[in-house]
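Dear colleague,

Please find below the sequence and the structure that I am handing over to you. My notes on the findings follow directly after.

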Amino acid sequence: MKKNSELENLKVQNRRKEKIRKELVDKKWILKIVLITFVLSFLMSFISESTVPNLNLIGGILITLIFIILGILFDIIGVSVTAASPKVFHSMNARKVKGANIAVKFKKNSEKVSSFCCDVVGDICGVISGSTSVMIAGSLSSKLEVDLFLMTLLVTAVVASLTIGGKAIGKSFAINKCDIILYEFSKLVSIFYHGNKI
C-alpha cells in the first residue's frame with residue numbers, strides 16, 4: 001500500500017515537471033538552433049569536402065584528431081554548465097570576479113548552452129571527422145594494399161572509439177570539476193565579450 005502511494009506521488013511530481021517543461025519550451029530558440037546547425041553543418045561539410053581530398057595522410061589524421069578533441073572539449077563544457085552550482089557564481093558575481101557575470105548567464109541558459117556545445121558542435125565535429133576518416137581509409141588502403149572496405153571499417157571504428165571513449169572520460173571529469181571548468185571557460189569568453197547579451 002505504501003509503495004503504491006509513493007509511486008502515485010512520483011507520477012504526480014513527474015506530471016508537474018512535464019507541464020513546467022512544456023511551458024518553458026522556447027520555440028524561437030529551437031528554430032534558431034536548427035538554423036544555426038544547418039548553416040554551420042553546411043559550411044563545415046562544404047569546406048571539409050573541398051579540402052580534405054587534397055590533404056596527405058598526416059594532414060588528414062591531424063584534422064581528424066583536432067575535431068575529435070574539439071568535440072570532446074565542447075562536450076565537457078556542455079556538461080559542466082549543466083552540472084555547475086549557480087550559488088558559487090552568484091557569490092562571485094556579487095564580488096565582481098572577472099567572468100562570473102558570464103558564468104551566471106551561461107548557468108541561467110544552461111539548457112541552451114549545453115545543447116549548442118554538446119549537440120551542434122558535437123555533430124559538426126562528427127561530420128568532419130567522419131569525412132576525414134574515409135579519406136584516411138582510402139589513403140591507407142592504397143599504401144598498405146589492403147581492401148578499402150575493411151580499412152574503412154577499421155578507421156571508422158577507431159575514430160568512433162576515440163570520440164566515445166574521450167567523451168566518456170570527459171563527462172566524468174566535467175561532473176567532478178564543473179565549477180572550475182565553467183569559471184575558466186567564462187573567463188576566456190569574457191576576453192572577447194563586453195556586451196549585455198549572450
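What percentage of the 198 residues in the protein do buried residues make up? Buried residues account for 33% of the 198 residues, where buried means under 20% relative accessible area, exposed means over 50%, and partly exposed lies in between (1.4 Å probe, protein chains only).

Please note that this is a predicted model, in which local features need pLDDT of at least 70 and side-chain atom pairs count only at pLDDT 80 or more, while totals for chains, interfaces and linings use all residues. Residues are numbered from 1 along each chain as its sequence is written, and side-chain values use heavy atoms, with hydrogens and water left out.

Overall architecture

The secondary structure consists of 8 helices and 0 strands; helices (H or I, at least four residues) and strands (E, at least two) are DSSP runs, numbered from the N terminus. Along the sequence, the pattern reads α-α-α-α-α-α-α-α. Of the contacts with a separation of 6 or more, 80% are between residues 24 or more positions apart, a contact being heavy atoms within 4.5 Å. The protein exposes about 13200 Å², and carbon and sulfur atoms supply 67% of this area. Accessible areas come from the Shrake-Rupley method with a 1.4 Å probe, and for residues only the protein chains shown count as cover.

Salt bridges

Side chains of opposite charge can pair when their charged atoms come close. The structure holds 2 salt bridges, each defined as a side-chain nitrogen of Lys or Arg within 4 Å of a carboxyl oxygen of Asp or Glu.

One of them joins the side chains of Lys171 and Asp75, at 2.7 Å from N to O. This pair links distant parts of the chain, with Lys171 in helix α7 (residues 148-176) and Asp75 in helix α3 (residues 57-83), 96 residues apart. Lys171 is partly exposed at 36% relative accessibility, whereas Asp75 is buried at 5%.

In the other, Lys187 pairs with Glu184, and their closest N and O atoms are 3.7 Å apart. Lys187 and Glu184 are 3 residues apart in helix α8 (residues 178-192), so about one helical turn separates them. Lys187 is partly exposed at 29% relative accessibility, and Glu184 is partly exposed with a relative accessible area of 41%.

Aromatic pairs

The structure holds 2 aromatic pairs. Rings of Phe, Tyr and Trp (its six-membered ring) pair if their centres lie within 6.5 Å; planes under 30 degrees apart count as stacked, over 60 as edge-to-face and the rest as tilted. Phe38 and Phe42 form a stacked pair, at 6.2 Å centre to centre and with 25 degrees between the planes. Both residues lie in helix α2 (residues 27-51), 4 residues apart, about one turn of the helix. Phe38 is exposed with a relative accessible area of 57%, and Phe42 is exposed with 54%.

Phe106 and Phe185 form a stacked pair as well, at 5.5 Å centre to centre and with 25 degrees between the planes. This pair links distant parts of the chain: Phe106 belongs to helix α5 (residues 100-108) and Phe185 to helix α8, 79 residues apart. Phe106 is buried with a relative accessible area of 7%, and Phe185 is buried at 18% relative accessibility.

Nonpolar surface patch

Which residues make the nonpolar surface patch of about 590 Å²? The patch is made by Ile61, Leu65, Ile69, Leu73, Leu154, Val158 and Leu162. The elements that give two or more residues to the patch are α3 and α7, and α3 gives the most, with 4 residues. Patches are made of residues with over 30% relative accessible area and no salt bridge: like charges are joined within 9 Å, nonpolar side chains (Val, Leu, Ile, Met, Phe, Trp, Tyr) within 5 Å. Ile61, placed in helix α3, is partly exposed at 35% relative accessibility.

Two residues of helix α6

Ser129 is found in helix α6 and is buried at 5% relative accessibility. A polar atom of the Ser129 side chain lies 2.9 Å from the backbone oxygen of Cys125. Leaving aside neighbours within four places in sequence, Ser129 is in contact with Thr64, Ile68 and Val159.

Val134 lies in helix α6 (residues 110-144) and is partly exposed at 48% relative accessibility. The C-alpha atoms of Val134 and Leu153 are separated by 9.3 Å, the two residues being 19 residues apart along the chain.

Yours sincerely

Note on methods
A polar contact is a pair of N or O atoms within 3.5 Å; within protein, one must be able to donate a hydrogen and the other to accept it, and residues adjacent in sequence count only if both atoms are side-chain atoms.
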